[in-house]
Amino acid sequence: MTTTNFPPGRLAVPSIPRRSPPRLLRALPLLAAALAMPSSWAQLKPLSDEEMSNSRGQGLLAMNNSSLGGYDFTRVALDADITLSANFRNMRLGEYNYAARNGGGADIDMPYLQFGRSDAGEAQRLVHISNPYFEFVYRSAADNATREVVGMRFGFDAVSGDVGLKLNTLSGSLRVGATAADGSALLLDSRGDTLGGGKRWDGACSAPCLPMAQLGGVRAGDASGPSRDFWISALKTGVQFQAPSGTSNLPDMAQAGIWLNWRDKLQAISTNSLVPPNLPKVR
C-alpha cells in the first residue's frame, strides 16, 4: 500500500483498499473503453448462470447484524487498511452541566489527539488503522416498527503506532502501562476511579500509578499485534457491547453520554505531560 504525507490534520488515504480484487483493477481499462464506445456498441446484456458463477466482486463496505443483552447492533465497516498522520486539538465531547461530578465540563476533554509523531524516525510518522466502523444500537422489540435507536459508536478493529494523547477528563475505560524513572511499573487504569467507574474521571489515583495529567502519549500495539478495542460511543442509556474482534473478553459497560474505550496493548510514550511533536515533513 502507498500513502501520501499530508500536513497535520489531513488523512493519508490508501490508494488501494485492503483485499481489493486484482481482476477488478485489470478490468478498469476495459470499463473506460466501454464508456467511450458509441451507445449502440455498449448495450448491456444479461448473463447466463454459468457466466455469473464465473464472475466475482467485492464491496468496500461490509455490514453485519448482531444481538447482545436485549440490544440489536448494525455495524457498517470500511473494509480497508489506512495509514495516517493527523492532529486534533481541544476536543470536548458530551459537554453539559453535571454538578454531581467535577462541577460540570465535558465527558471527554481532550486537548491533544495526534496520530503519528515527527521526532522518532520515519517509521513513527504514521499510525496504522484497520477496518474503521460505525455501529448503531437498537433496543430489541417484538415489533420492528417500534424499535428504539439507543445510540451508536465509532471505532477501529486495530490500531498500531504512536499516538500523542492529552486528557483533562475522561468518561470511559482506559488502561495504559508505564515505566517510572526508577524502572518500576506504573499503571493508569480507569477501573481505579473510586467515584464512578470512569465517568467524568480526572485521572487522579493513589501511588504507585500514573496520573492522567502526566500522560503525553501512548504506543498502541506491541510485538504480539495491534491494539484492538478503540471506540467512542454516544448513547442515551448504558450498553454492553460485544467483545472486540479476535478477543473473547467483554469490554466494560459503556455508560450514557459520550464514552471512550481503549485498554488493549497501550504503553505510555511520555509520562512528563509533554505530547510528542507531529510536524509535517520539510520538502
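Seven strands each supply at least two residues of the lining of the largest pocket: strand 2 (71-78), strand 3 (81-84), strand 4 (86-95), strand 5 (106-115), strand 6 (127-139), strand 7 (148-166) and strand 12 (230-235). Strands here are DSSP runs of E, at least two residues long, numbered from the N terminus. Strand 6 gives the most, with four residues. The model is predicted, so local features need pLDDT of at least 70 and side-chain atom pairs pLDDT 80 or more, while totals for chains, interfaces and linings use all residues. Residues are numbered from 1 along each chain, and side-chain values use heavy atoms, leaving out hydrogens and water.

The lining has 21 nonpolar residues and no polar or charged ones, with Ala, Val, Leu, Ile, Met, Phe, Trp, Tyr, Cys and Pro counted as nonpolar, Asp, Glu, Lys and Arg as charged, and the others as polar. Leu-84, Phe-115, Ile-129, Phe-154 and Phe-156 lie nearest the pocket's centre. A pocket is an open set of points on a 1 Å grid where a 1.4 Å probe fits, with protein on both sides within 12 Å along at least five of seven lines; lining residues have an atom within 4 Å of a point.

As for salt bridges (a side-chain nitrogen of Lys or Arg within 4 Å of a carboxyl oxygen of Asp or Glu), the count comes to 19. One of them pairs Arg-219 with Asp-162, the closest N and O atoms being 2.7 Å apart. This pair links strand 11 (residues 217-220) to strand 7, 57 residues apart. Asp-162 is buried at 3% relative accessible area, whereas Arg-219 is partly exposed at 38% (buried is under 20%, exposed over 50%, partly exposed in between, with a 1.4 Å probe and protein chains only).
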